[in-house]
Each structure stands twice: as structure tokens, then as C-alpha cells.
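Hi,

Here is the structure I promised to send over. Have a look at it first, and my notes follow below.

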Amino acid sequence: MQKVADLHVHTNVSDSTFSPEKVAGYAKMQGLDAIAITDHDTCAAIAPAIMAAKGIDIEIIPGVELTAEIEDDEIHILGYFIDWHDNLFIKKLEELCRARKERAKEILTRLNKQGIYLTYEDLLEIAGSDSGSLGRLHIANLLYKKGKVACVKEAFTKYIGNSSPAYVKKFKLSPKEAIDMIKDVGGVSVLAHPKTINMETKSLKDILKMLVNDGIQGIEVYHSDHNNRESSEFKKLAGEFSLLITGGSDCHGLGKKEVLLGKVKVPYEYVEKLRQASTNIYE
Ligand code: AMP
Ligand code: FE
Ligand code: FE
Ligand code: ZN
């Protein structure tokens, strides 16, 4: 049978509710042969996931998901087959995580101003005290847990979404900075979930042109939020710009409406192509 992979998976070191061990086990149950761990701004889950995967014959691809800013909007850039042991890289990620913590406190202050009193301790309880990467999904789940919103989505539309009253920007890299950060550790950079990009002022084609100029190497054609028509459109763009194709579920455990792990399965040949494009040496 053809081997398959899910190339976009979060753990509870960022904003999923699943531990790295649980992710590895769950992926096996879903019939996956390989998964990429792509937490926001942290690689702390990679070592435990690799350990957990050893006994159950599933490959863990080291990855990361960075946020970059374009014209007041944000895009996410995935990095694959990165050298996640690199000291300078780890230091940069730690800096991004520190900035995330300050930003989370600022969001809580803004919520307080609107009469919603949540403490940083409450947030850490949701995120896990050793959480490396604090994000809005943690705050959304806290709002839900405290009965302030009917669902996670409402937390974003009412309070913390990009144009909502308690939204606070986080430290963002330029696309080139994010791409270079991945390249500097031998990784392959890929534009994540292109569907979420705001295309009011620029077309995706124009944005891709700019990203290709900055050195982006791939595009996430398949994603839980993409329908068939959208995936075909992104695949066509991949062809036009000679970009690698990836796909993944973007599973956040129980952090979103449903557990998505394994809902998107891509052929293992995509993994091989990423490995070949990486400048790290993998056996
Ligand atoms: P952050 O990196 O802290 O800005 O948070 C980004 C996270 O929030 C990602 O995991 C997104 O998937 C999630 N997110 C952003 N907008 C929404 C939304 N409208 N509904 C649910 N999750 C969202
Ligand atoms: Fe997330
Ligand atoms: Fe993302
Ligand atoms: Zn993601």
C-alpha cells in the first residue's frame, strides 16, 4: 500500500491539546506512515515525539510554523527538515515565545477592560505551565471554558480575531526573515494554508510572486480548510511557480471543533521531495 503523511500537526507545546506522545500514537492509529510536527515558534515537541515514535514505526519530520507579516496581514510559513538542534535557531524561537507571553498578558488586559476578568494563571492552566508557545487559541479556549463565548470561533469573531477589540499583534517577522530563518537551518519553507490570506488588496498570485522572490520553496495545497476546488487552484499555482506541494490537517487536538489528525493524507513522495530539497543530511 502507498505510504501516506500528514505534514501539519501541532502539539501541546504550542496550541494543541495533544502531547507529542499522544500525537505519535494517534497518527499511527490513523494509518499514517509519517507526520511533520509543526508547532508555532517552537521545536520543543520534536525530541519527545521522535522518542514516542520509535517503538511504533512512524516517521517524525522535524518542522516549525512561523508567522510573517505582509501589509498589515499575517501569513504562516512552515519549515520542514530543519536542523532543530541549532543553537542560534533555538534562541530565536525562544525570543519569539517570550514575545508571545507578553502579548498574551496584553490581550488579557484588553479583555479586562471589556469586563472579562481572566488571569494569566488561568491561561497557564489551559496552556500547561511548561507550554513553550502561548497563543490566541489558548485564550479562545479559556474564554469558552469560563462560559464567556459559546464556541471557540465566537472568541475570535467577538474578541481576539484580527480586527476584534482585544486583538494584539504579535511579534512578526518579514516573509524573507522567516524564510531565511528556515533556510539557515537547512529547512524547506512552505506557505501554509493559502486560503487564510487576505486577498482584498493583492491577489494570491502577486503574493506568491513576492514570496518566491524571497525564496519560498513550497505551498500547502491540501489542508483541512481547503475544498477540492481550492486545492486544485493552489496546485495549479504550485505548477506555475515550480513550487513543492505539501498537505496537512493542521490538527490542534481538541483545541478546535474536531480532531483533524489524519484527515489530510498526502502521498509519501511529497516527503521525499521535501527531504531532497533540504540541505540537511538525512539518512
Ligand atoms: P496566534 O499565533 O497566537 O496568533 O494564534 C493563531 C492560532 O489561532 C492558530 O492556531 C489559528 O488556527 C487559530 N485561529 C486564528 N483564527 C481563528 C478562528 N477564526 N477560529 C479558530 N481558530 C483560529
Ligand atoms: Fe495553532
Ligand atoms: Fe497556521
Ligand atoms: Zn498550524
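Which residue does Glu74 form a salt bridge with? The partner is Lys172, with the closest N and O atoms 3.7 Å apart. Glu74 sits in strand β4 and Lys172 in the loop between α6 and α7, so this pair ties together parts that are 98 residues apart in sequence. Glu74 counts as buried at 11% relative accessibility, and Lys172 is buried at 11% as well. Keep in mind that this is a predicted model.

Since Glu69 lies in strand β3 and Lys169 in the loop between α6 and α7, parts 100 residues apart in sequence are tied together here. Glu69 is partly exposed at 27% relative accessible area, and Lys169 is partly exposed at 41%.

Now for the metal. Glu65 (OE), His76 (ND1) and His193 (NE2) coordinate the iron ion (ligand 3) at 2.0 to 2.2 Å, with a spacing of E-x10-H-x116-H in sequence. Glu65 belongs to strand β3 (residues 59-70) and His76 to strand β4 (residues 73-80), so the pair ties together parts eleven residues apart in sequence. Both Glu65 and His76 are buried. The iron ion (ligand 2) is 5.6 Å from the iron ion (ligand 3).

As for the remaining charges, the structure holds 20 salt bridges. Among them is Asp206 with Lys209, at 3.9 Å between the closest N and O atoms; the two are three residues apart in helix α8 (residues 204-214), about one helical turn. Glu59, Glu272 and Arg275 are linked in a salt-bridge network.

Cheers

Conventions. Residues are numbered from 1 along each chain as its sequence is written. Chains are lettered from A and ligands numbered from 1 in the order in which they are written. This is a predicted model: local features need pLDDT of at least 70, side-chain atom pairs count only at pLDDT 80 or more; totals for chains, interfaces and linings use all residues. Side-chain values use heavy atoms; hydrogens and water are left out. Donors are N, O and S atoms within 2.8 Å of the metal (3.2 Å for Na, K and Ca); water is not among the atoms, so sites may look incomplete. Helices (H or I, at least four residues) and strands (E, at least two) are DSSP runs, numbered from the N terminus. Buried means under 20% relative accessible area, exposed over 50%, partly exposed in between (1.4 Å probe, protein chains only). A salt bridge is a side-chain nitrogen of Lys or Arg within 4 Å of a carboxyl oxygen of Asp or Glu.
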